[in-house]
Amino acid sequence: MEKLAATSAAGVLLDLSGVVILLLAFACLGSKLFNRYVAYYGAQSVVLSFAAGVAAWTFHSVELWILAGLTLAIKGIGIPVATRRLLLRRLALARDSAISTGLSTSLIIGGALTAFAYLVTRPQLLPHGLVAAAVVPLSTAVILLGALAMVVRRHTVAQLIGWLIVENGVFLGAITLVATFPFIVEAGIFLDIAAGVLIMLVFVSGLTRQLAEASAAELRGLRG
Amino acid sequence: MTALAVLIVAGPLAGPAAAALRARARAAGIASAAGGLVSLAAAITLLAMLAHHTRLSGWAGFLYVDTLSGFFLITVTGVTVLAAFGSVAYLSAEQDAGTLSAFQVRLYFIFFGLFASLMLASLETGNLGLLFVLVEASTLASAALVGLEGKARSLEAAWKYVIISSLGVTIALAGTLFLFYAGSALHLTSNERLTWPYLLAHAAALAPQPLRLAFLLAVVGYGTKVGLAPMHTWLPDAHAEAPSPASAMLSAALLNTGMYAIIRFLAITQARLGAAFPRAVLLTFGFASIVIGVLFMIRRGNFKRLFAYSSVEHMGIIAVALGFGGVLGLYGALLHTLNHAIAKAVLFLGSGDVALRYRTREAAEVRGLLTAIPVTGGALLLGSLAVLGSPPFGLFLSELTIVRAGFARSSPVLPLLLLVLLAVAFIAFARTTAGMVTGQAPKPPDPYPGRGTRWAGAAPLVAGLVMLLVLGLWIPAGLNTAILHSMAVI
């Protein structure tokens with residue numbers, strides 16, 4: 001795989017998508033309303049599919065085009081719509097009040113994690129031959145921010161979205177590190193995510209019916 | 001041979017097929033057990049054939065079975081058979097008592113079969129990306145089993161399980177990504193760069209830094225599934241809340257599948273970076289798991305939770321054995337995997353019988369099992385002794401091998417520490433189970449509809465104990481060859 005110069009149009013577009021994806025992860029971390037989480041996640045996935053499209057266009061890879069399409073269809077449209085329909089409307093969830101740190105504290109921790117991601121994946125430390133070296137710290141930061149969202153957010157829906165953000169970070173890294181896995185594997189990963197979201201939505205709605213509010217803060221029956 | 005490999009994966013799907021045809025608990029359970037037996041027979045045949053051919057590979061590396069996978073296939077199919085018989089009894093009783101609806105019973109058998117089949121498939125693939133896909137899919141199928149009862153507690157456990165494991169496996173995917181990337185200098189197709197035998201053959205040419213990262217991420221990621229501390233937090237909840245035969249599958253089959261994935265990464269890492277780094281990683285996680293497992297076993301309470309923490313401890317022991325390495329360490333790790341799987345299946349299936357009869361999972365509320373229900377009580381007593389490593393059961397032999405492997409290294413500190421921890425575990429565990437089986441108690445009501453289901457519940461307990469006893473006294477020549485061949489693969 002030839003190296004993608006940061007100054008080429010495709011390189012700039014990939015870097016830019018990475019930055020937007022990171023900002024959307026921050027937006028998700030900093031918002032309090034469920035419909036915003038879902039909207040930001042959807043927007044992030046759309047940008048991700050754009051990034052996959054840029055890589056596909058550069059390397060003339062049919063598989064990457066299909067992946068870009070799948071990302072748009074499943075992560076950009078399918079999951080946000082399903083989450084809205086099944087959870088937010090039917091269960092009338094609106095505002096996530098359960099957060100273990102203050103909003104601003106979690107944003108500051110997020111900033112520190114981003115700085116940490118840059119520290120450990122400085123371009124000098126990275127091996128040569130990357131498709132787009134500048135995106136690696138961005139994807140690492142997105143993974144860390146998703147994990148942070150899962151930790152500080154107590155509501156199950158927020159944890160679900162946090163996991164999906166981690167997944168997006170890994171996918172962004174996959175585009176830039178290796179351009180593509182074999183297609184069967186990528187398709188399997190998409191299938192897993194779709195099935196995973198479905199089964200998690202079933203659990204969340206079950207928990208909501210049983211506990212009035214499916215916040216993980218209430219999940220304290222099992223200890224020790 | 002390819003047909004055999006397909007048959008192994010397809011066997012457990014007999015249960016879901018029966019459930020889809022609206023069979024009742026008993027019929028669907030018998031179909032699952034029959035399918036499991038077909039898989040077990042196919043796995044044994046395949047392993048016997050592999051002794052001559054050394055490996056089976058096809059479909060561009062997506063299908064790859066060597067003796068190591070064959071060994072794990074036999075472990076998982078064996079556990080599936082035991083758990084399927086247990087399911088016949090457990091689910092019939094639950095349906096009869098009205099605790100589970102006919103729909104829930106059908107769902108149980110559908111997900112039970114899918115879970116077994118996906119685990120077996122993940123043991124048969126040489127493609128590490130597909131391995132991730134199948135392990136994640138098996139997580140989802142088993143999460144459905146954990147949350148099956150639909151009560152707040154089981155849903156809570158299922159949620160914790162699915163979210164922690166999914167995050168963990170995603171980390172393993174990142175590890176797979178780095179491994180893939182470590183091979184970018186190789187002149188292989190993108191498919192071959194993810195395929196285990198190619199990666200092992202070209203290990204010397206892999207980039208060391210990404211490989212180091214890949215191994216660490218894979219141990220953390222798949223370690224979440226294995227239940228290595230500190231990623232084990234989902235494990236006691238899921239094991240305690242799942243229906244007992246499903247707990248047996250989680251503890252005796254799923255954890256081993258995760259360990260299998262780690263062993264595959266270990267082999268490649270050792271070939272490139274030497275043994276020191278991966279061994280240090282495995283010893284750290286292994287000892288952390290043993291300590292955590294033992295500490296939480298001291299608390300008396302839910303007996304399924306106790307067995308679950310014992311699984312954390314035993315997975316730690318296997319990780320430590322891999323960390324000790326050498327011929328003894330590897331031999332001990334594989335033998336211990338098989339022994340622990342059988343012993344834990346017996347314990348969880350026995351606990352299912354107790355839970356059905358007494359309608360409690362609290363150890364303090366159960367007394368005098370030996371006199372009240374002699375078969376289950378005896379199985380729990382002997383199973384506990386076996387799982388704690390008492391002679392003459394198999395786990396004594398495998399733990400002895402592991403400790404010897406430790407002493408074969410330079411410093412005696414770690415094996416001595418292991419011995420101390422095993423002793424504490426013995427006291428903590430036996431304190432609870434001894435209280436459950438001894439004493440006098442009235443006979444509880446019989447929950448099973450008919451003699452056939454009662455026998456189906458007792459059969460796996462007796463069969464498992466006999467196997468443990470045999471493995472403690474004598475290792476069959478075929479098994480010995482299989483373990484030695486598996487070690488040669490690594």
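**Close-up views of a two-chain predicted model**

Chain B is built from 20 helices and 2 strands; helices (H or I, at least four residues) and strands (E, at least two) are DSSP runs, numbered from the N terminus. The model is predicted, with local features needing pLDDT of at least 70 and side-chain atom pairs counting only at pLDDT 80 or more, while totals for chains, interfaces and linings use all residues. Residues are numbered from 1 along each chain as its sequence is written, and chains are lettered from A and ligands numbered from 1 in the order in which they are written.

**View 1. Chain B as a whole.** Let us start with the overall picture. Along the principal axes, the C-alpha atoms of chain B fill a box of roughly 70 × 55 × 45 Å. Of the 490 residues of chain B, 66% count as buried. A residue is buried if 20 or more other C-beta atoms lie within 10 Å of its own, exposed if 12 or fewer, and partly exposed in between, with C-beta atoms placed from the backbone. Among contacts in chain B with a separation of 6 or more, 81% are between residues 24 or more positions apart; two residues are in contact if their C-beta atoms, placed from the backbone, lie within 7 Å.

View 2. Strand β1 (residues 55–58) of chain B and β2(B) run antiparallel and are joined by 4 bridges; two strands pair if DSSP finds at least two bridges between them. Arg55(B) has Asp66(B) in β2(B) as its bridge partner. The two strands form a hairpin with 4 residues between them, and Trp59(B) in the turn has a positive phi of about 50°. In a regular strand the side chains alternate between the two faces of the sheet. Here, Leu63(B) and Val65(B) point one way from strand β2 (residues 63–66) of chain B, Tyr64(B) and Asp66(B) point the other way, and all are buried.

**View 3. Helix α14(B) against helix α16(B).** Helix α14 (residues 326–358) and helix α16 (residues 374–387) of chain B pack at an angle of about 150°, with their axes 9 Å apart. Axes are lines fitted to C-alpha atoms, for helices over the stretch in contact, and angles run from 0 to 180 degrees between N-to-C directions. The crossing of α14(B) and α16(B) is left-handed, meaning that the near helix is turned anticlockwise from the far one by less than a right angle. Residues making the contact include Leu347(B), Gly350(B) and Val354(B) of α14(B), along with Ala379(B), Leu380(B) and Gly383(B) of α16(B). The contact residues of this pair divide into 8 nonpolar, 4 polar and 2 charged. Ala, Val, Leu, Ile, Met, Phe, Trp, Tyr, Cys and Pro count as nonpolar, Asp, Glu, Lys and Arg as charged, and the others, Gly among them, as polar.

View 4. Two cis peptide bonds are worth a stop. The bond from Ala229(B) to Pro230(B) is cis, with omega near 5°, and Pro230(B) sits in the loop between α9 (208–226) and α10 (234–241). Pro391(B) and Pro392(B) are also joined by a cis peptide bond, with omega about 5°; Pro392(B) lies in the loop between α16 and α17 (394–408) of chain B. Now for positive phi. Arg22(B), in the loop between α2 (14–20) and α3 (25–53) of chain B, has phi near 60°. This arginine, Arg22(B), is exposed because 11 other C-beta atoms lie within 10 Å. Arg359(B), found in the loop between α14 and α15 (369–372) of chain B, has a positive phi of about 55° although it is not a glycine. With 13 other C-beta atoms within 10 Å, Arg359(B) is partly exposed.

**View 5. Chain A and its meeting with chain B.** Chain A has 7 helices and 0 strands, and 50% of its 224 residues count as buried. The contact between the chains takes 34 residues from chain A and 38 residues from chain B. On the side of chain A that touches chain B, α6 (156–178) and α7 (183–211) each supply at least two residues, and α7(A) gives the most, with 14 residues. That side of chain A divides into 21 nonpolar, 11 polar and 2 charged residues.

**View 6. Leu191(A) in helix α7.** Leu191(A) belongs to helix α7 of chain A. This leucine, Leu191(A), counts as partly exposed because it has 15 C-beta neighbours inside 10 Å. Leu191(A) and Ile74(A) are 117 residues apart in sequence and 9.4 Å apart in space, C-alpha to C-alpha.
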